[in-house]
Amino acid sequence: MIFRQLFDRTSSTYTYLLAERQGGEALLIDPVLDHTSQYVRLIRELDLKLVKAVDTHIHADHVTALGALREQTGCTTAMGAMTMTECVSVHFHEGEKLSADNLHLEILYTPGHTDDSYSFLLPDRVFTGDTLLIRGTGRTDFQNGDPAAQYDSLFNKLLRLPESTRVYPAHDYNGMTVSTIGEEKHHNPRLQVSGVQAYVELMNGLVLDDPRLMDIAVPANRACGVLVAA
Ligand SMILES: [Fe+2]
């Protein structure tokens, strides 16, 4: 398998490039608009063909490269069925697969950070978007965030995966690149709660600033990152 973890320093976003084999099909998860040409170059250098660009959810902190990548490579753009945007070519559902050659990512619906948050699962790793971060979890105070739904996504879906499953989040602000389900279960401070009520109280007690780019990024991302002049 070809696997690359790419980083956007401005928003601390991780973008993942996956392919089964050299010369084959590639898939990008959570690409950032500013790096479009870097992705296109890397895909060409690795002799891959981009077939799909997907976002785990509508991001509030950076503009997505979905639209730009579709224009430049002809790839399919995909987001979850709960994402209220017309701009993507495909809306996926829980239980379906996102595929590049024989690489099949299982789709899990993991709402809570937003109501359109999904995770993508391979046998040995899971891409958790902003639902499960390394030693943290995505905030639940905007974009229809819901701490009780996030508790359910975490405790009844993600944490039920084998403990050895590697965790690749959409962001990290502390220089961490990867974790495991077991590591997060035991050491993630947000997950050391007695139940859903305690988790809701913990999340509702957080005092956080809005992301700097939120007013630009959310409307732009509803249009796949293609900025439309007002
Ligand atoms: Fe997010």
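Predicted model: local features only at pLDDT ≥ 70, side-chain atom pairs only at ≥ 80, totals over all residues.

The disulfide joins C87 to C224, with an S to S distance of 2.1 Å. The link of C87 and C224 is right-handed, with 80° about the S-S bond. The two cysteines come from distant parts of the chain, 137 residues apart. C87 is in the loop between β5 and β6, while C224 is in the segment after α6. Both C87 and C224 are buried.

There is another cysteine to mention, C75, and C75 is in no disulfide. The nearest cysteine sulfur to C75 is that of C224, and that sulfur is 9.8 Å away. Buried or exposed? C75 counts as buried, because its relative accessibility is 3% and the cut-off for buried is under 20%.

Next, the strands. Please find β8, residues 103–109. Of the 7 residues in β8, 5 are buried, so the strand is mostly covered. β8 pairs with β7, residues 97–100, in the antiparallel sense over 4 bridges. One of the positions to look at is K97, whose bridge partner in β8 is E106. The hairpin of β7 and β8 has 2 residues between the strands, and in this hairpin D101 takes a positive phi near 50°. β8 is also joined to β9, residues 118–122, by 4 bridges, and β8 and β9 run antiparallel. Across that pairing, I107 stands opposite F120 in β9.

Now a helix: α5, residues 196–204. Which residues of α5 are buried? They are Y199, V200 and M203. Seen down the axis of α5, these buried residues fall within an arc of 100°, so they line one face of the helix. What covers the buried residues of α5 includes β12 and α3.

Last, the charged pairs. Side chains of opposite charge can pair when their charged atoms come close. A search of the whole structure finds 8 salt bridges, and I will show some of them.

K157 forms a salt bridge with E94, and the closest N and O atoms are 2.7 Å apart. This pair links distant parts of the chain, 63 residues apart: K157 is in the loop between α3 and β13, and E94 is in the loop between β6 and β7. K157 counts as partly exposed, at 26% relative accessibility. E94 is also partly exposed, at 39%.

D141 forms a salt bridge with R139, with the closest N and O atoms 2.8 Å apart. Here D141 is partly exposed, with a relative accessible area of 45%, whereas R139 is buried, at 16%.

The side chains of E163 and K185 also meet in a salt bridge, 3.3 Å from N to O. E163 is in the loop between α3 and β13, and K185 is in helix α4, 22 residues apart. E163 counts as partly exposed at 38% relative accessibility, and K185 is partly exposed at 28%. Finally, salt bridges that share partners join D124, R125 and R166 into one network.

Technical notes: Residues numbered from 1 in each chain as written. Heavy atoms only, no water. Buried < 20%, exposed > 50% of the residue type's maximum accessible area, 1.4 Å probe, protein only. Pairing = 2+ DSSP bridges. Disulfide = S-S within 2.5 Å. Arc of directions from axis to C-beta. Contact = heavy atoms within 4.5 Å. Salt bridge = Lys/Arg side-chain N within 4 Å of Asp/Glu carboxyl O.
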